Amino acid sequence: MAITDIKGQWLHVWISFCLALLIVTHLKGISAQIRYSILEELKLGTAVGNVAKDLGLDLGRLADRNLRVVSGTKQDLFKVNQTDGVLLVYQRVDREELCGNTVPCITNLKAVVENPLEMHQVIVEIRDINDNSPKFPDENYTLEVLESAIIGSRFQMEGAHDLDVGLNSLQSYKLNHNQYFRLETEEFGEDGKVPFLILQRSLDREHTAQHWLLLTAADGGKPSKSSSINITVVVSDINDNSPVCDRQKYTITVKENAPAGTFLLTVDASDLDEGMNGEVEYSIRSKLRGLSTEPFDLNSRTGKLTVKGGLDFEEKQLYEIKVLAADKGAVSLSTHCNVVVKVEDVNDNPPEIDITSLSSRIPEDAPPGTVVALVGVTDLDSGVNGQVVCSVPGHLPFDLKPSPDGQSYSLVTKENLDKETVHMYNITITAKDLGTPSLSSTKVIQVDVLDVNDNSPLFTESPYNFYVLENNKPGVSFFSVSAADADGDENAAVIYTLDRKSPGPTVTSFLNINEASGAISALKSFDFETLKTFKFQVVATDSGTPSLSSNVTVNVFILDQNDNAPVILYPVSSNGSAEGVEEIPRNVNAGHLVTKVRAYDADIGYNGWLLFSLQQVTDHSLFGLDRYTGQIRTLRSFTETDEAEHKLVILVKDNGNVSLSATATVIVKLVEPKEAFAASDVTSAANDQGENNIVFYLIITLGSVSILFLVSIIVLIAMQCSKSTDYSSKYLQDANYDGTLCHSIQYRSGDKRYMLVGPRMSIGSTIVPGSHANTLVVPDRRRASEEALPIISGSSLMWAVWLTEYTSKAVYQII
């Protein structure tokens, strides 16, 4: 081996010599070698040495000769200052990164100069500094050790690593003080020092399940650097503990009537081991003698002891049970727990109830004290356990009367019965002994209450208010009444009749009623213009013996239908036809009032609300018609090309469901202004007196209406103060209107109907509190029985607004 090394060294020297000779031959320069030594991590720009001075170069020619250093690595760690030839640190120098664990750490550089060309070797040795701490692979380590491990057992740990070398590398380990483990280290070549934990005391998992150690690694630097690892020693369990019962003897008392599943006690055995070694199973090991079945059940997992059934104090009063508690280790360990169960006698025989006699149907007028049933009671127990007390619920109208011997009771009524309130009773009789605890039993008997005719029929409404359209079909039912009787069977069968006791012809003479259903029909049609309201009495009689009856007042209000067509009041010709002629000057402007068509409808509400429309006109661009007032006005000024005579046909129709209408014809003649003045002079004398008369009549009419309105308000206040409920008798006045124009609009809000009226309103309308004077409420047929508002006749309230227009010398009425 030595000869081979010597030959290798000579070969290396020979090759080096040849290379040097070759370089000198080619470069024709002089070669030299210089060596420097520096510490790693020097600050950039730190001087390493003066290369020019050490090589003997002329400092004055350094710039001309281009002194520089060349390294064989990719990183230029050093650089020469070409001014003074000083070698400087150019980049960060990290020994661990350059050389790792290699010692020494050498960096070879080439110093090159020109003119003449020379190359010199520069060797820089990088010395280590303590800039790295020892490092463990992890910060925490878990070691699992059986609690049965023997003293002296060795457990190898993974050592720390330090990138530094020499004294700066890892030098020692230290373990925190504890009584179970000590530390040893061994050298393992490249791995360096490896720590071992040596067990120096026996482990007991039940005493201490885990141990926490701190292992510290330190290097030899000055100052020293170190790092630590947390070691958790987990002690693994072995089955070295037997189960232990928390009590050696359990004692429990149970009543003989305890049902199956009754919990008695829990046998609790604990095992200090863990896992399967510490999991305990329970079992009954002793067999109970003299019993066909074991009366107890033991849960093998929880140790709960429960009653299985069949306990009887008279048969056995004491049970001794041995419970085996064993763990589930590979080699099971066990122990025994003793359980003593004492059986306690109880009152286990409830009383028995026997119904010896029963009257299950009694009339509701039976007097208090009527016997309903005879009840007998027995109890198989003796002493206080056999003494029985019977009772019934206190809210029932029944009571129990005990016999002198206390063995039977009489069930009697204690108050009057009412079949309409309760038609059947379920009476619960409770028998309770005086034992401790007390036992009881119940029996339910049913008693039906027989009906007696003690209730009169009651109408669903009082009074009834019905609204009927005029022109109804004779013989057809238009409303009905209904009465209910709280009694049952025949006592509740109701027959309806009309009260015809009033002498002379009455309204009931043309009415008919269905005795079974209460449906009422009329034998003739009603006419709103003739009859607006009437009332009568209906009698409801039950079929009991003796029979009972009651009566109710029925108010009938006739409602208007659209059975009257509009009547044209103006224009009207001398022969009675709705036709008139109007002459106007040709020079009038747009908006000139030509004339006003006036019409009247005897109906009310929508049926009397009139609308005007142009049915026919010769030129639509000349005349316009107001659809509400009937006023005809010019739309533009007349021209010379316009015809001198125009025919306008006006359609007047109401707003009934089936609208009725009438037509009026107005002939408009255009005259020259002079002719118009002449015509006006001729007619003015004849019309002045008439217009004065019209104004006079209007004033009288307005005064009369105001007086009637005040009188109506006074009468209304007086009737409200009297608080009379017979509204129909106070307000059934004839309200035929004398022909004044009327327009009205009806609408609904909530459960009331409202009407906006002109100078008159119909029967069945009432003033809405808080509304304007021309807003009325029409009682809703569906709520007629709930609203007791007074009804004001049409002749008692009239409101009109009149406007006299003097420009055209005519008087117009605005509705």
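Student: Which residues does Asn 607 touch, not counting residues up to four places away in sequence?
Tutor: This is a predicted model, so keep that in mind as we go. Asn 607 is found in the loop between strand S44 (598-600) and strand S45 (611-617). Leaving out residues up to four places away in sequence, the ones it touches are Asp 560, Gln 561, Asn 562, Asp 601, Asp 654, Gly 656 and Asn 657.

Student: Is Asn 607 buried or exposed, and what is its relative accessible area?
Tutor: A residue is called buried when its relative accessible area is under 20%. Asn 607 falls under that cut-off, so it counts as buried, and its relative accessible area is 13%.

Student: How are the rings of Tyr 606 and Trp 609 arranged?
Tutor: Let's start with how open each one is. Tyr 606 is partly exposed, at 32% relative accessible area, while Trp 609 is buried, at 16%. Their ring centres lie 5.8 Å apart and the planes stand at 50°, so the pair is tilted.

Student: How many aromatic pairs are there?
Tutor: Pairs are picked by ring centres within 6.5 Å of each other. By that rule, the count is 16 aromatic pairs.

Student: What kind of pair do Phe 155 and Phe 181 make?
Tutor: Phe 155 belongs to strand S9 (residues 154-156) and Phe 181 to strand S11 (residues 181-187), so the pair links distant parts of the chain, 26 residues apart. Both Phe 155 and Phe 181 are buried. With ring centres 6.4 Å apart and planes at 70°, over the 60-degree cut-off, the pair is edge-to-face.

Student: Which residue lies over the face of Phe 510, and at what distance from the ring centre?
Tutor: Phe 510 belongs to one aromatic cluster, along with Phe 459, Tyr 464, Phe 466, Phe 478, Phe 479, Phe 526, Phe 534 and Phe 536. The residue over the face of Phe 510 is Lys 524, at 4.4 Å from the ring centre.

Student: Where does the charged end of Arg 598 sit?
Tutor: Look for a ring with the charged end of Arg 598 over it, 5.8 Å from the ring's centre. That ring belongs to Tyr 570.

Student: What is the bridge partner of Glu 352 in S26?
Tutor: S24 and strand S26 (residues 371-378) run antiparallel, joined by 6 bridges. In S26, the partner of Glu 352 is Thr 378.

Student: Which side chain makes a polar contact with the side chain of Ser 71?
Tutor: Ser 71 has its place in strand S3 (residues 68-71), and at 18% relative accessibility it counts as buried. Leaving aside neighbours within four places in sequence, Ser 71 is in contact with Asp 76, Asn 108 and Leu 109. The polar contact, at 3.5 Å, is with the side chain of Asp 76.

Student: Stepping back, how many helices and strands does the protein chain have?
Tutor: The chain has 815 residues, and buried residues make up 39% of them. Among contacts between residues at least 6 apart in sequence, 65% join residues at least 24 apart. As for secondary structure, the chain comes to 6 helices and 55 strands.

Methods
Residues are numbered from 1 along each chain as its sequence is written. This is a predicted model: local features need pLDDT of at least 70, side-chain atom pairs count only at pLDDT 80 or more; totals for chains, interfaces and linings use all residues. Side-chain values use heavy atoms; hydrogens and water are left out. Rings of Phe, Tyr and Trp (its six-membered ring) pair if their centres lie within 6.5 Å; planes under 30 degrees apart count as stacked, over 60 as edge-to-face and the rest as tilted. Helices (H or I, at least four residues) and strands (E, at least two) are DSSP runs, numbered from the N terminus. Buried means under 20% relative accessible area, exposed over 50%, partly exposed in between (1.4 Å probe, protein chains only). A charge sits over a ring if NZ of Lys or CZ of Arg is within 6 Å of the ring centre and within 35 degrees of the ring normal. Contact means heavy atoms within 4.5 Å. Two strands pair if DSSP finds at least two bridges between them. A polar contact is a pair of N or O atoms within 3.5 Å; within protein, one must be able to donate a hydrogen and the other to accept it, and residues adjacent in sequence count only if both atoms are side-chain atoms.
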